[in-house]
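Work through the exercises below with the sequence and structure at hand. Each task is followed by its solution.

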Amino acid sequence: MINNKKVFLVFIICFFSFTTLALFPNYGDKLRLNVFFIKSIIEKPFEYLYSKIGNYFDTINTNKDYIQIINNLESENIYLKEVNSYLRLITSKYAEQYKIFHESTIPLPQSVGVSIIGNRNLTYDKSFIINKGSNSGIKVGDYVIDVLNVVGRVKSTTANTSEVITVKSINYGDEVEINSRSYIVSGTNNEYLSFLRQKESMDIPNFRFGDIAIIKKNHVNLMLGRVDFIDDQPVLLTNDDINLNNLRVYSDD
Amino acid sequence: MIRLFFLLLFFILYGVQSIFLNDLILFSLVNISFFSILRQKNLYLSDYLIFICSIFLVEIFTNLPLFLGVVILSLPMLGINRLIYNFNFNNFYKSFVIFIMSLLTIFGIDKNIYPRALSFDYFIFFMLFIFVFLGLQLYGKKQN
């Protein structure tokens, strides 16, 4: 049946590789991340060609429509610039006041823009791979956000890629604040998170429909979801309207 | 060589397009792996390496433990190989066995595929493949 000793040798190597990776799962994660990094490199020329060809046909087909849209946008842009200058004028007063009271400028959160290079559809696992890693300052535990909505947290990193578990994953857990009280929540592999317990308190939680759960950080409050009820049990509904093309990794340093 | 080309193609294509295409890519990878083991009575190193590569890609894409498929599937597949070639089945039945085993494997990997499998998109894909196959079988020979 097997007429080749090399086949048996390869099987033995695979067997020992499997046992090694099963005993040390961290190496398996690193290997997986590196494979997706190689995939993203191989994809780049094809993506470039695809975008060029797509842009070429788009410009041919929709040139007239775009001219009309550009005209409308230009007029809207002028109006928005006027509004913006007015708002800047108003907020400058508050910035000055903040500077007087806090003796420093308003702190801005540090974040890095990222894009997804693996498991974008979240089909088999509620996690995905992003195209930046420790070289870009990303660390394990950093939050991945869309505007201020939490999408997930960084699970593991390599030099150029990172794995992110989403808030929907059963492996996700976090401390949130609702009505100035802290709770521990966990993902369920569904569209909602479940409450595990209230932190450092024995009081019965008093939730109301629509209460917002936030994660307090040094410079910004991140939003995780809203309170809802399923069979009279409180759960935390996550925001489904998330733009996966607009992700940032927020580092709380 | 054709299988290696398809492995590279699937490696690039996975995750780029729709979720239905991702499922079909995984199904094709499983098909390639089973075909590599069952295509001949004697198992050669090149076929076995292609089997390992395709199973490895499936494990990478579906976040399964790496090399699990190679360890678990190798011996049962060799047993099925022995069974098929001892009974000297027709090629149609060999292909059918590969198809059914791949189908069972892909359903085993992910339970969420059950509702997706009823989608009309799959029907279109399968009809396309069937008509291409029938067209080549009926009119391909005339070209020669």
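The expected span of a helix is 1.5 Å times one less than its number of residues; helices (H or I, at least four residues) are DSSP runs numbered from the N terminus. This is a predicted model, in which local features need pLDDT of at least 70, side-chain atom pairs count only at pLDDT 80 or more, and totals for chains, interfaces and linings use all residues. Residues are numbered from 1 along each chain as its sequence is written, and chains are lettered from A and ligands numbered from 1 in the order in which they are written.

**Exercise 1.** Find the buried residues of H1(A) and say what they pack against.

Solution. Count a residue as buried if 20 or more other C-beta atoms lie within 10 Å of its own, and as exposed if 12 or fewer do, with C-beta atoms placed from the backbone. A:Val7, A:Cys14 and A:Leu21 are the buried ones in H1(A). Around the axis they cover an arc (of the directions from the helix axis to the C-beta atoms) of only 55°, so they lie on the same side of H1(A). They pack against H2 of chain A and against helices H3 (45–62) and H4 (68–87) of chain B. The face turned away from the buried side carries exposed residues, among them A:Lys5, A:Ile12 and A:Phe16.

**Exercise 2.** Describe the contact of chain A with chain B.

Solution. Residues are in contact if their C-beta atoms, placed from the backbone, lie within 7 Å. Chain A gives 29 residues and chain B 24 residues. On the side of chain A, H1(A) supplies the largest share, 10 residues.

Conventions. Contact = placed C-beta atoms within 7 Å. Helix = DSSP H or I, 4+ residues; strand = E, 2+ residues; numbered from the N terminus.
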